[in-house]
Amino acid sequence: MLQCRGFLVISHMLQRCSRDHLTADTLASFLHLTKHLVTCCSPNSDLLLKQSFCQSFLTWQLLDHILFNPALWMHTPAAVQARLYCYLATDFLADAHIYGSVRRVSTVLQTVHTLKFYYWVVNPRAKSGITPKGLEGPRPAHKDILTIRAYILLFLKQLIMIGNGVKEDELHSMVPAFDAKGGVRTIFKLLASESQLIRLQALKLLGFFLSRSTHKRKYDVMSPHNLYTLLATRLCAGGEGLALPVYNALYELLTEHWWPPSSGSRSKRTSCWR
């Protein structure tokens with residue numbers, strides 16, 4: 001099972017078979033197997049180290065090729081998909097044994113890929129040029145997609161914030177990956193949103209990315225296309241001036257010092273830069 005990457009083979013065969021085989025009972029079996037793999041290593045075994053390695057490797061295979069594989073579950077009944085992602089967002093990370101077996105950086109990237117290519121609300125091809133996946137079979141209804149996305153986003157949040165939050169070495173891995181995947185382009189698309197809350201969070205994300213980037217990366221990302229000018233243009237596009245939270249976020253971006261978000265909602269505005 002270990003040497004032949006058995007879970008990869010199982011995943012491949014299940015994708016080729018009818019999705020009728022992927023029922024709630026099948027999902028329950030995989031979830032039970034996950035629990036078994038992370039707890040089966042006996043602490044009294046003389047082969048503890050070898051057992052631990054094999055157990056971890058098998059668990060990674062099961063997670064990557066089965067539970068975290070959207071191509072496998074995309075065309076199953078919506079209730080099965082919702083059950084899977086509800087489990088990931090709640091009981092999965094609440095189990096210390098399972099959480100200890102998760103590779104956070106790769107799992108975050110894999111989950112974002114799932115959102116981007118499979119569980120989109122509006123087909124991204126026209127506006128973003130992204131080729132969506134999972135179109136070869138029936139997709140869940142719009143309301144079910146929204147429910148599943150909510151679970152996936154909650155899973156991402158829990159994955160990032162659990163424990164002591166993101167570790168420094170994980171940030172060093174995430175920042176280059178965010179850059180390589182065109183994350184800044186996504187930020188500027190979000191800055192064109194009609195929702196002030198979305199624009200604010202996009203601005204904070206840009207500031208966090210820049211604060212964790214080297215001077216060379218900042219220059220290579222922002223200067224060639226005059227993105228600071230584009231940032232001002234996007235923020236002033238509404239013609240109503242800058243909301244105070246946006247102004248504060250800009251200050252945080254410039255100083256690279258961050259404060260907790262304010263709980264109160266303010267309507268006070270400051271004049272737009274001209």
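**Confidence and helix packing in a predicted model**

Colleague: Which elements of the protein chain have the lowest and the highest confidence?
Modeller: Happy to start there, since this is a predicted model. In the protein chain, the highest mean pLDDT belongs to helix α4 (residues 70–73), at 94. The lowest is in strand β2 (residues 269–270), with a mean of 40.

Colleague: What is the mean pLDDT of the protein chain?
Modeller: Residues that reach 70 or more make up 83% of the chain. The mean over the protein chain is 81.

Colleague: How many contacts beyond four places in sequence does the model have for residues 263–274?
Modeller: Two stretches are worth a look here. Over residues 44–49, pLDDT stays under 50, and the model has 4 contacts beyond four places in sequence for them. Over residues 263–274, pLDDT also stays under 50, and the corresponding count is 19.

Colleague: Are α11 and α12 roughly parallel or roughly antiparallel?
Modeller: Helix α11 (residues 183–190) and helix α12 (residues 196–211) pack with their axes 8 Å apart, at an angle of about 155°. Angles over 145 degrees count as roughly antiparallel. That makes the arrangement of α11 to α12 roughly antiparallel.

Colleague: How many charged residues does the contact of α11 with α12 have?
Modeller: The crossing of these two helices, α11 and α12, is left-handed. From α11 come Val-184, Ile-187 and Leu-190, and from α12 come Ile-198, Arg-199, Ala-202, Leu-205, Leu-206 and Phe-209. By class, the contact of α11 with α12 has 8 nonpolar residues, no polar ones, and, for charged residues, 1.

Colleague: And what about α7 and α9: are they roughly parallel or roughly antiparallel to each other?
Modeller: The axes of helix α7 (residues 104–117) and helix α9 (residues 142–161) come within 10 Å and cross at roughly 160°. The crossing is left-handed. With the cut-off at over 145 degrees, α7 and α9 are therefore roughly antiparallel.

Colleague: How many polar residues does the contact of α7 with α9 have?
Modeller: On the α7 side, the residues are Arg-104, Thr-107, Val-108, Thr-111, Val-112, Thr-114 and Leu-115. They meet Arg-149, Ile-152, Leu-153, Phe-155, Leu-156, Leu-159 and Ile-160 in α9. By class, the contact of α7 with α9 has 9 nonpolar and 2 charged residues, while the polar count is 3.

Colleague: Where is Asn-226 placed?
Modeller: Asn-226 has a phi near 50°, a positive value in a residue other than glycine. Its place is the loop between α13 (215–222) and α14 (227–236).

Note on methods: Residues numbered from 1 in each chain as written. Predicted model: local features only at pLDDT ≥ 70, side-chain atom pairs only at ≥ 80, totals over all residues. Heavy atoms only, no water. Axes fitted to C-alpha atoms, helices over the stretch in contact; angles between N-to-C directions. Helix = DSSP H or I, 4+ residues; strand = E, 2+ residues; numbered from the N terminus. Parallel < 35°, antiparallel > 145°, perpendicular 65-115°, else oblique. Left-handed = near helix turned anticlockwise from the far one by under 90°. Contact = heavy atoms within 4.5 Å. Nonpolar A, V, L, I, M, F, W, Y, C, P; charged D, E, K, R; others polar. pLDDT = per-residue confidence, 0-100.
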